[in-house]
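User: I have a model open and want a quick tour. Can you walk me through it?
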Amino acid sequence: MGEQAVTGADGDPTPDQPSDVDGADAAATGSPVPGRTPDAGEGAGATGSPGPTTAGMTADGAAASEVEVPGAGMTADAGGATGPQSRTTDIVPGPGGVMTDEVGVVTGELTLRTEFADGQVTLHVQYKDADEWYVVSGGKAPLDDATGLDAVHNIAVGLLNRPDG
C-alpha cells in the first residue's frame, strides 16, 4: 500500500505532519489518528491500558457491550460471548439427504440450525417450516467460544446444501 495524504480540518494538506506508516504515532498515543492524543477514557490513557474494545456506540439506548441486532442473526460487539447462540439457513441436501439421530434420513427442503451452547456446537435440521428439530448424526463438536460459530455454520451449509444433486 502507498502513503495516504493527511489533511487538516479545512481539507488542506498538512505537510508538517509526516504520515504514520509504521503506526508508531498510534502506538505511542493510543490514538489511530496521527498527532492526536486520546480524550479521557479513550485509547491508552494515563495507565497505558489498551482502552475500550468497542466504538462506544449504543443501540436502542443499551450500553455498547453486547447488543442483539434484530434480523441479522448476530450479536454486535460479542467479544467472547459464551451464551447460547445459533445461525439458520434453508438448504436442499443432495441425494441421500441428511442422517439424523432421531428419525434417520431426512430429505427435501430443510432448515439447518447451527447452535452454540455450553462450549459445544450442534447441528440440527428440520423440514422447512416444521416444528420439530433433529440432531444431525455426527453433528456435535466442542467449540471454545461463539466466535467460531459463523465459520462452523458456513462449512456445514457448504457440505450439506446440494440443490443440484
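What follows is a short chat about confidence, one threonine and the cores.

Analyst: This is a predicted model; local features need pLDDT of at least 70, side-chain atom pairs count only at pLDDT 80 or more, and totals for chains, interfaces and linings use all residues. Residues are numbered from 1 along each chain as its sequence is written, and side-chain values use heavy atoms, leaving out hydrogens and water.

User: What does the protein chain average for pLDDT?
Analyst: The average is 72, and 50% of the residues score at least 70. pLDDT is the predictor's confidence in each residue, from 0 to 100.

User: Where does pLDDT stay under 50?
Analyst: Over residues 29-59, and over residues 73-80.

User: New topic. Is Thr 100 buried or exposed?
Analyst: Buried, at a relative accessible area of 3%. Buried means under 20% relative accessible area, exposed over 50%, partly exposed in between (1.4 Å probe, protein chains only).

User: What lies 2.6 Å from a polar atom of its side chain?
Analyst: The backbone oxygen of Gly 104.

User: And which residues does Thr 100 touch?
Analyst: Beyond four places in sequence, its partners include Val 106, Val 125 and Tyr 134. Contact means heavy atoms within 4.5 Å.

User: How many residues are in the largest nonpolar core?
Analyst: It has 12, among them Ile 91, Val 106, Val 125 and Tyr 134. A nonpolar core is a set of buried Ala, Val, Leu, Ile, Met, Phe, Trp, Tyr and Cys residues joined through side-chain atoms within 4.5 Å.

User: Which element gives the largest share of this core?
Analyst: α2, with 3 residues. Helices (H or I, at least four residues) and strands (E, at least two) are DSSP runs, numbered from the N terminus.

Conventions:
Polar contact = N/O pair within 3.5 Å; in protein donor to acceptor, adjacent residues only side chain to side chain.
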